Amino acid sequence: MRLTRFTDLALRAVMRLAVNEQGGPLATRDVAEMMNVPYTHMAKAITRLQHLGVVEARRGRGGGLELTGLGRRVSVGWLVRELEGEGEVVTCEGDQPCPLHGACRLRHALRDAQEAFYSSLEPLTVADLVAPPAGPVLVGLVGRSS
């Protein structure tokens with residue numbers, strides 16, 4: 001399985017926010033710089049995470065991003081499913097549908113593999129992702145302007 005870049009960015013943002021205990025809320029721009037990605041890409045990922053209830057964003061002085069209670073206890077499998085969407089690994093329909101569509105075994109096998117991939121992530125939480133050695137590295141990340 002290959003995750004979309006969008007899911008990768010969202011997961012990295014959640015991981016960074018999970019270790020941000022002492023520094024106060026971070027801005028989206030801070031997280032983007034720490035992860036060395038364009039602000040606009042990170043902003044889209046943060047917006048999606050807000051819609052999922054995983055991240056809370058507050059405006060103004062003292063504002064910024066924080067993980068919600070759900071964000072701290074959510075299954076990585078659930079989060080990846082939500083971020084990736086319900087799409088299949090292969091597309092058999094379209095302008096030129098596959099001639100094997102009605103009798104294809106590949107599509108079913110790939111759907112099973114996709115489900116096994118997501119299921120393998122179900123037991124993991126954000127806390128598991130930020131356990132050492134990753135957590136200390138995440139805490140040490142600084143933006144380009146820092």
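Colleague: Is Arg107 buried or exposed?
Modeller: This is a predicted model, in which local features need pLDDT of at least 70 and side-chain atom pairs count only at pLDDT 80 or more, while totals for chains, interfaces and linings use all residues. Residues are numbered from 1 along each chain as its sequence is written, and side-chain values use heavy atoms, with hydrogens and water left out. Buried means under 20% relative accessible area, exposed over 50% and partly exposed in between, with a 1.4 Å probe and protein chains only. Arg107 has a relative accessible area of 16%, so this residue counts as buried.

Colleague: Which element holds Arg107, and with which residues is Arg107 in contact beyond its neighbours within four places in sequence?
Modeller: Helices (H or I, at least four residues) and strands (E, at least two) are DSSP runs numbered from the N terminus, and on that basis Arg107 belongs to helix 6. Taking contact as heavy atoms within 4.5 Å, and leaving aside neighbours within four places in sequence, the partners of Arg107 are Glu88, Val90, Cys92, Glu93 and His101.

Colleague: In what order do the elements of the protein run from the N terminus?
Modeller: The protein has eight helices and two strands. Read from the N terminus, the order of these elements is α-α-α-β-β-α-α-α-α-α.

Colleague: Which residues does Val54 contact, leaving aside its neighbours within four places in sequence?
Modeller: Val54 is among the members of the largest nonpolar core that touch the most others. With those sequence neighbours left aside, the contacts of Val54 are Val14, Leu49, Glu66, Leu67, Thr68, Leu70, Gly71, Trp78 and Leu79.

Colleague: How do strand 1 and strand 2 pair, and which residue in their hairpin takes a positive phi?
Modeller: Two strands pair if DSSP finds at least two bridges between them; strand 1 (residues 55–58) and strand 2 have four, in the antiparallel sense. Within this pair, Arg58 stands opposite Gly64 in strand 2. Five residues lie between the strands of the hairpin, and the positive phi, near 85°, is that of Gly60.

Colleague: What phi does Asn36 have?
Modeller: Most residues other than glycine have a negative phi, and most peptide bonds are trans. Asn36 is found in the loop between helix 2 and helix 3, and its relative accessible area of 56% makes this residue exposed. Although Asn36 is not a glycine, its phi is positive, at about 60°.

Colleague: Where is there a cis peptide bond?
Modeller: Pro133 lies in the loop between helix 7 (126–129) and helix 8 (134–140). With omega near 10°, the cis bond runs from Pro132 to Pro133.

Colleague: How far apart in space are Asp95 and Val74, C-alpha to C-alpha?
Modeller: Asp95 lies in the loop between helix 5 and helix 6 and, at 84% relative accessibility, counts as exposed. Asp95 and Val74 are 21 residues apart in sequence, and their C-alpha to C-alpha separation in space is 38 Å.

Colleague: Is Asn20 buried or exposed, and which residues does Asn20 contact beyond its neighbours within four places in sequence?
Modeller: Asn20 lies in the loop between helix 1 and helix 2, and its 14% relative accessibility makes this residue buried. Asn20 and Asp30 are 10 residues apart in sequence and 12 Å apart in space, C-alpha to C-alpha. Leaving aside neighbours within four places in sequence, the contacts of Asn20 are Pro25 and Leu26.

Key. Core = buried A, V, L, I, M, F, W, Y, C linked by side-chain atoms within 4.5 Å.
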